[in-house]
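Please view the sequence and the model before reading on.

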Amino acid sequence: MSKIRRFCTTLGAAGLVAMSAAAQAGVGASGCDDLSGIAETPMVDFQSQIQPIFDNSCTGCHGASGPAGLDLRPGESYGNLVGVISTTNTSRLRVEPFSPESSALFLAVNCDAPAGPGFRMQGTDAQQRALIRDWIAQGALAEPAGAPEPIAVPVDGHWARVLLTIMLLLTGLNLVRATRP
Ligand code: HEC
């Protein structure tokens, strides 16, 4: 390989690495808080855990015809956020389910320079920002996925054990059969 070609290949590879790193970290946002120390809250509920944050800190500005066209009032906020293109940075969504780091909403509250809106949205504490992070990371659902229904077992402990033993034996038999040449 000629020196020039090798140089170009290296340059291209370095560029690709830099581009994918930028895509992961919410392109251009800086001064972001490190929330990795705050444990994930399971099954965050939009109505009872996220909307109250908006009601307390955001709807004073983000009401009907709010800045950047963003209405965060109850009943309006969800449809204004999830899957909607950000007006201040059209290369990202306001909320991209499963991806807080690329969602304008999370960057707007968690970064000094969110690279969308020109400043950090005030009024949230780290705990609330982590809740927003978790809600988005869990898929930005309108309602949390229901807890799994307990399976009704119509037998007492003794019969459950007998049944389990039979099932294990059958599984074992099948394994032996399957692995026999
Ligand atoms: C003092 C008024 C004010 C408050 C309070 C406020 N915002 Fe904003 N917000 C703005 C302005 C102004 C912009 C547009 C900034 C720009 O164009 O650079 C904006 C933009 C945004 C954007 C970008 C929208 C888009 O489509 O790009 C998001 C997301 C956002 N705000 C969320 C929030 C949240 C969440 C809160 C509450 C924690 C909040 N804001 C509180 C004034 C406010």
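Is Cys58 buried or exposed? The model is predicted, and in it Cys58 has a relative accessibility of 14%, so Cys58 counts as buried. The limit for buried is under 20% relative accessible area.

| Residue | Relative accessibility | Class |
|---|---|---|
| Cys32 | 36% | partly exposed |
| Cys58 | 14% | buried |
| Cys61 | 58% | exposed |
| Cys111 | 0% | buried |

**The disulfide**

The model has one disulfide. Its partners are Cys32 and Cys111, with sulfur atoms 2.1 Å apart. This bond joins distant parts of the chain: Cys32 belongs to strand E1 (residues 30–32) and Cys111 to strand E2 (residues 111–113), and the two cysteines are 79 residues apart. The disulfide of Cys32 and Cys111 is right-handed because the torsion about its S-S bond is about 100°. Of its two ends, Cys32 is partly exposed at 36%, whereas Cys111 is buried at 0%.

**The largest pocket**

The volume of the largest pocket is about 430 Å³. It is lined by 24 residues, and those closest to its centre are His62, Leu70, Ala108, Pro117 and Met121. Helix H2 (46–57) and helix H4 (104–110) each contribute at least two residues to this lining. The largest share, four residues, is supplied by H4. By type, the lining of the largest pocket consists of 15 nonpolar residues, eight polar and one charged.

Notes
Residues numbered from 1 in each chain as written. Predicted model: local features only at pLDDT ≥ 70, side-chain atom pairs only at ≥ 80, totals over all residues. Heavy atoms only, no water. Disulfide = S-S within 2.5 Å. Buried < 20%, exposed > 50% of the residue type's maximum accessible area, 1.4 Å probe, protein only. 1 Å grid on protein atoms, 1.4 Å probe; cavity = no way out; pocket = protein on both sides within 12 Å on 5 of 7 lines; lining within 4 Å. Points joined across faces, edges and corners; volume = space filled by probe spheres on them. Nonpolar A, V, L, I, M, F, W, Y, C, P; charged D, E, K, R; others polar.
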